[in-house]
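Work through the exercises below with the sequence and the model open. Each task is followed by a solution in steps.

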Amino acid sequence: MRTAVSFGLFACLLLIFTFSAAAQKETPPAGGQPKPFVFPKEEAYNLPNGMRVVLVPYGSVPKVAIQVQVRNGTLVEKPAQRWISAAVANLLKEGTTTRTAEDLARQPAEMGGSIFSVAGTDKTIVGGEVLSEFDTAFLTLLADVLQNPKFESKALEEYRTNTLQNLITARSQAGTIAIEKFREVIYPGHPYGTVNPSEETVKGYKLEDVKAYYNDFFGGARTTLYVVGKFDAAKVKSTIQKAFGGMKKGSAPERDVPKIDPKRSLTVIDRPGAPQSTIYLGMPAVSPSDPDFIKFVVMNSLLGGSFGSRITSNIRENKGYTYSPSSTAWNRYRTGYWYEVADVTTKFTGASIKEILFEIERLQKEPPSETELQGIKNYLVGIYVLQNSTRTGVINQLENVNYNELDKNYINTYVQNIVAVTAKDIQDTAAKYLNQDKMTIVVVGDKSLITEQLKPYEK
């Protein structure tokens, strides 16, 4: 009986292998041309205090995403108070004059959702998603959070303690050390150059500083309210007017576009005994308002920004130097940079940089094949459609257009513009922007083992 069972199992495995082998010989059908993507219609208007309101009926699921985005962030902070905007954002959900922190956690939960508050380089975002039947109730709650924060000393001290502990943890990681130095080199003296505050800065936050930041940089003139999903438009509009109409206008948002003078540089930070080196390699790039931006997006995805990219195939699949390298086109209003990041085995630190530069140069010298390019474009179109299949994804797209002051048709023509990118465009874009004379390299690793490897990249 055992022999019969073993033979039967062997026969099944052989059959599976045969079918698999036959399937591998078949060429999958070529993908079709991506279809144009039509973005849902929006209704936008301003309140008398300058607050922008954007309403987008979307989807069939009875949920609604609501976000208030206030144009402030680290961009408007005093140099000695970097990331106090994050403290303000945190304290906003720690209680109002009529609601406790427990209320602000419990009440959105009873609406089928939650509330979040976070600060970034250029804005503070407060919002969440709830069941559609609670659309007006959640709007009223958000208005309370934005206009009546309590700002208690106890909450600030808890934030300070947690932030200091998080900084210690973060700076024990090579990736944090590398990105902090990389941004500091790219944007010296500018708010964008500070990824995290220093411990001394956090220890120096005072409650009066929190209140002063809030009073100076929160107001209708800086604010956009997004409502996306299933909601009662008439009731929502009425509630917005009642809940936010009394918000002070405040100061107008400002821009602070950094003036950078990029030069070739190599910074090595010693991490004795590290089995890996963390590499950040990059140079200035375009922002979404630049005519070449979409070409740059396609180029980045082909070069290093997707799992099937050239750099990933080279140093991960072919060489085995690293597990998950990736490139990113980071951008803000009229500024940005491109960078490749990889955690590589120490003995392959120099070799990894060599291969990254090789792939950049190869793309500059010869255009990609039509097959490779079409695969990347199909991937990007698919990602774009997926991003816009959620309520928060729709908000992100609308805010991207608003923040970067893009043409209103940008969203609806995005897919067509991706499809229109040619192989020659990719080659020309790489040659135009990936200039090694403006390249910044930051490496965190064991200096005793990588110094010699990095000598070719010192100039």
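**Exercise 1.** Which elements each supply at least two residues of the lining of the second largest pocket?

Solution. The model is predicted, with local features needing pLDDT of at least 70 and side-chain atom pairs pLDDT 80 or more, while totals for chains, interfaces and linings use all residues. Residues are numbered from 1 along each chain as its sequence is written, and side-chain values use heavy atoms, without hydrogens and water.

Step 1. On a 1 Å grid over the protein atoms alone, a pocket is an open set of points with protein on both sides within 12 Å along at least five of seven lines; a cavity is a set where a 1.4 Å probe fits but cannot get out; lining residues have an atom within 4 Å of a point. Helices (H or I, at least four residues) and strands (E, at least two) are DSSP runs numbered from the N terminus.

Step 2. The elements are β2 (52-57), α14 and α15. α14 gives the most, with 3 residues.

Step 3. The volume is about 420 Å³, taken as the space filled by probe spheres set on grid points joined across faces, edges and corners. Of the 16 lining residues, E42, R52, L398, V401 and K408 are the closest to the centre of this second largest pocket.

**Exercise 2.** Describe the largest pocket.

Solution. Step 1. The volume of the largest pocket is about 980 Å³. Its lining has 35 residues, and F293, A329, N331, Q387 and N400 are the closest to the centre.

Step 1. Two or more lining residues come from each of β4, α10 (293-305), β9 (326-332), α13 (370-387), α14 (391-404) and α15 (410-420). The largest share, 7 residues, belongs to α14.

Step 2. Sort the lining by class: Ala, Val, Leu, Ile, Met, Phe, Trp, Tyr, Cys and Pro are nonpolar, Asp, Glu, Lys and Arg charged, and the others, Gly among them, polar. The largest pocket then has 16 nonpolar, 15 polar and 4 charged lining residues.
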